[in-house]
Amino acid sequence: MNEEQIKSRRIAKNTLLLYLRMFLMMLIGLYTSRVILNTLGFDDYGINNVVGGVVVLFSVFTGTLSSAISRFITYELGTGNTEKLKTVFSTSIFVQCGMAIVIMLLCEVVGYWLLVNKMSIPEGRMDAALWVFHCSIIGFGLSLIFAPFNSLIIAHERMDAFAYVSILEAVAKLLIVYLLLVFSVDKLKLYAVLLLLVSVFISTIYVVYCRYHFEESKLVWRFDKTIFKHIASFAGWNLFGHGAWMLETQGVNILINMFFGVQLNAARGIAVQVNNIVQQFVNNFMTALTPQITKSYASGDLNYMNNIVLKGAKFSYLLMFMVALPVALETDTILRLWLKDYPDYTVSFVRLTLAISLCMVLVNPFLTALRATGNIRNYQIIVGIVGLLQFPFVYTAFRLGLSPTSSYIISLAFYLFFVFFKPWLVRKSIHLPLKEYISVTILPSFFVTISSLLIPIAIMYGMDSSIPRFIFVCLACFATTSLSVWLIGLTKGEKAMARSFVLSKLQH
C-alpha cells in the first residue's frame, strides 16, 4: 500500500468516526430542538437566536484569528518541527486570552447598546434577553480561549476523541431539555445559564485531553513576536472575507429582526438548524480532510494536495446533495413531523439556505488549500469587498418593501457567482488549472444533480402532500442520487477504492 492510499484510508476512517458521532447527535438534536421550541415558544426562541447572533457578530475579529492559529498549528505538525509547534501553541493561547478580554468588553458596551436601543424585543422580555446576552458573551469568551486545544486535536487527526466529546456534549444538551421541563422558572433564562455550564464543562474536557496526550499543549511562558506577526498578518487579511460572511449571516439576522420581528428570527433559526444538520454530512468529511490538505502543502506534496482539493470539493457536494434533496422537496412535511407548528417563511428559508450551502461546499476546499499557503491577502481583499455588498443589497430590498425571502435570493445569487469566481482567484496560488476544476468537480456534480431530480419531482407533483408521498419521495431521492453518483459522479479509481474500503471493513 503506497503513501497516498494510507492517507486516503486515514481520511476515510476519520470520516466514518465523525459520521457515527453525527448520527447520534442528529437524533438527539432533532428531539431537543422540538422540545426547546415548544417550551420557549416562537418569541423566546427568536430572542435566543437573534441575541446570540449579536454576540457572534463580534467574532468577526476573533474567528479570523482562530482560523489562523489552526492553520499554523497544523502546518508545524506537517513540517515535524516539535519545538516550533510548542512555541506556536503557547503564543496562540496568550493571543486568544488577550482577544477574548477585548472582545468581551466590546460586546458588553456596543452589543448592549444595540440590543437595548435598536432591536425589536417583545414587551416584558428585555430582562430575559439580557440574560441570554451576558451568558452568550461569557460562553463566547471561553470558546476563544480554548479554541487552540480544539485545533490541536483536529490537527493530530484524533477524530475519535473529537467524536466522543461531541457525543457527550449532545447528551448534556439532552439533560438541558429535561431540566427545562422540570423547573418552573423563566425558561429562557434557565436555558441560557445551562448552555453556558455545558460550554464550560466541554471546554474543560478538551483541555484535560490535550494536556494528557499532547506534549506541546503544556503551556510555557513563551511568546514569540515573529510568530505573532505571522499569525496577526494572516488573520488581518482573513478579516475581510470573514467580515463579509458575518454581515451576511448575523448582520442580516439583525436586519430581519428590525424589519419583521422575532418570529422571523425564529424561522431563520430553524432554517439554520436544519441546514446545520444536513451540512454535518459535509463538515465531518472536511474536518477529516483539512489536516491532510495543510500537511501536504507543508511537506511539498502539491500533486496530492490538489488531488484531494478537487475530489474533496466534488465529494462534499455529492454528500450534501444526497441529504439536501429529500429535505428540500419535503420540507413542509418534515417540519410538521418534527416541530408540529412553525413560523411563516420557514419552508422557503430552509430551501434557499440549503441551496446556498450547496454552492459553498464546492469552493470550501479551495480556501483551505489557500490558507495552507499563507498567501491570502489578495483573495480576502477581493472576496471581502464583493461579499460586503450583500448587506446593503438586503437592506435596500427590505426598505423597498420586499419579502424576507429576498435576503436569501440575493445571497444565493452571490454564491452562484462565487462557485466560479473563488476557484479562479486561487488557481495560481495553489497551482491548479481551472479546467480541472470544471472537469473533475463541476461537471460530475451538475450531471448528478440533473439526473437525480426528475423522478422525485415527478412523484412530488403527482401526489398530494401526505406521509405516503413523503416516503416515496425519500426512497426515490435515495435511489436516483445513489445510482447517479455511482454511474456519473465517481471515476473508475474512486469506485475501486470504495469497494476496497467497504470490503476491508466487512472482513473485520
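Figure 1. I450 is a residue of helix α16; helices are DSSP runs of H or I with at least four residues, numbered from the N terminus. The model is predicted: local features need pLDDT of at least 70, side-chain atom pairs count only at pLDDT 80 or more, and totals for chains, interfaces and linings use all residues. Residues are numbered from 1 along each chain as its sequence is written, and side-chain values use heavy atoms, with hydrogens and water left out. I450 is partly exposed, at 39% relative accessibility; buried means under 20% relative accessible area, exposed over 50%, and partly exposed in between (1.4 Å probe, protein chains only). Together with L443, F446, F447, L483, W486, L487 and I488, I450 makes a nonpolar surface patch of about 750 Å². Helices α16 (434–462) and α17 (467–489) each supply at least two of the patch residues.

**Figure 2. The aromatic pair F259 and Y395.** Rings of Phe, Tyr and Trp (its six-membered ring) pair if their centres lie within 6.5 Å; planes under 30 degrees apart count as stacked, over 60 as edge-to-face and the rest as tilted. By this rule there are 15 aromatic pairs. The ring centres of F259 and Y395 are 5.9 Å apart with their planes at 70°, so this pair is edge-to-face. Because F259 belongs to helix α8 (residues 225–260) and Y395 to helix α14 (residues 390–399), the pair ties together parts that are 136 residues apart in sequence. F259 is partly exposed, with a relative accessible area of 30%, and Y395 is partly exposed at 36%.

**Figure 3. The aromatic pair Y317 and F321.** The rings of Y317 and F321 are stacked, with 5.9 Å from centre to centre and 5° between the planes. Y317 and F321 are 4 residues apart in helix α10 (residues 302–329), which means that about one helical turn separates them. Y317 is buried, with a relative accessible area of 11%, and F321 is buried at 5%.

Figure 4. Ring pairs link F418 with Y415, F417, F421 and W424 into a cluster. K422 lies over the face of F418, 4.6 Å from the ring centre; a charge sits over a ring if NZ of Lys or CZ of Arg is within 6 Å of the ring centre and within 35 degrees of the ring normal.

How values were computed: Patch = residues over 30% accessible without salt bridge, like charges linked within 9 Å, V, L, I, M, F, W, Y side chains within 5 Å. Areas by Shrake-Rupley, 256 points an atom, 1.4 Å probe, with all protein chains shown as cover. Salt bridge = Lys/Arg side-chain N within 4 Å of Asp/Glu carboxyl O.
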